[in-house]
Amino acid sequence: MHALKIRRIGNSLGATLPKEVLQKLNVGEGDTVFLTETADGFQIAAYDPDFEAAMQAFAQTRKNYRNALRELAK
């Protein structure tokens with residue numbers, strides 16, 4: 001577990017992530033992380049769960065539209 005201290009950054013508040021956490025998330029300056037509310041609290045992740053769901057939906061339908069997608073790619 002890592003404790004984060006909330007600090008003032010200009011007119012906002014922010015938290016600084018320790019180097020070990022940044023390495024595990026594989027993120028750096030300028031990258032986006034996503035804060036998701038769960039039953040146990042909050043989760044920080046380096047991927048967008050909405051994007052993941054959209055990609056799964058695309059994977060299920062891409063075979064049906066393979067020819068149309070091939071034509072659009074030309």
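Q: How far apart are the mean positions of the positive and negative charges of the chain?
A: The mean positions of the 10 positive and 9 negative charges are 6 Å apart. Here Lys and Arg count as positive and Asp and Glu as negative, while His and the chain ends are not counted. Each charge is placed at NZ of Lys, CZ of Arg, CG of Asp or CD of Glu.

A word on the model: it is predicted, local features need pLDDT of at least 70, side-chain atom pairs count only at pLDDT 80 or more, and totals for chains, interfaces and linings use all residues. Residues are numbered from 1 along each chain as its sequence is written, and side-chain values use heavy atoms, with hydrogens and water left out.

Q: What makes up the secondary structure of the chain?
A: There are three helices and four strands, and along the sequence they follow the pattern β-β-α-β-β-α-α. Helices (H or I, at least four residues) and strands (E, at least two) are DSSP runs, numbered from the N terminus.

Q: Why is the chain called more spread out than a compact globule?
A: Its radius of gyration is 19 Å, well over the 11 Å that the globule rule gives for 74 residues, so the chain is more spread out than a compact globule. The radius is taken over C-alpha atoms, and the rule is 2.2 Å times the number of residues to the power 0.38. Along its principal axes, the C-alpha trace spans about 55 × 30 × 25 Å.

Q: Why is lysine 5 called exposed?
A: Lysine 5 has 59% relative accessibility. Exposed means over 50% relative accessible area, buried under 20%, and partly exposed in between (1.4 Å probe, protein chains only), so lysine 5 counts as exposed. You will find lysine 5 in the segment before strand S1 (6–9).

Q: Which residues is lysine 5 in contact with, leaving aside its neighbours within four places in sequence?
A: They are Gly14, Ala15 and Thr16. Contact means heavy atoms within 4.5 Å. The C-alpha atoms of lysine 5 and alanine 15 are separated by 5.8 Å, although these residues are ten apart along the chain.

Q: What is the relative accessible area of glutamate 20?
A: Glutamate 20, found in helix H1, has a value of 43% and is partly exposed. Its C-alpha atom and that of histidine 2 are separated by 9.6 Å.

Q: How do you know that glutamate 71 forms a salt bridge with lysine 74?
A: Their closest N and O atoms are 3.2 Å apart. A salt bridge is a side-chain nitrogen of Lys or Arg within 4 Å of a carboxyl oxygen of Asp or Glu, so this pair qualifies. By this rule the count comes to one salt bridge. Lysine 74 is exposed, with a relative accessible area of 73%.

Q: What makes the phi of asparagine 26 worth a look?
A: Phi of asparagine 26 is near 60°, a positive value in a residue other than glycine. Most residues other than glycine have a negative phi. Asparagine 26 lies in the loop between helix H1 (19–25) and strand S3 (34–38), and is exposed at 68% relative accessible area.
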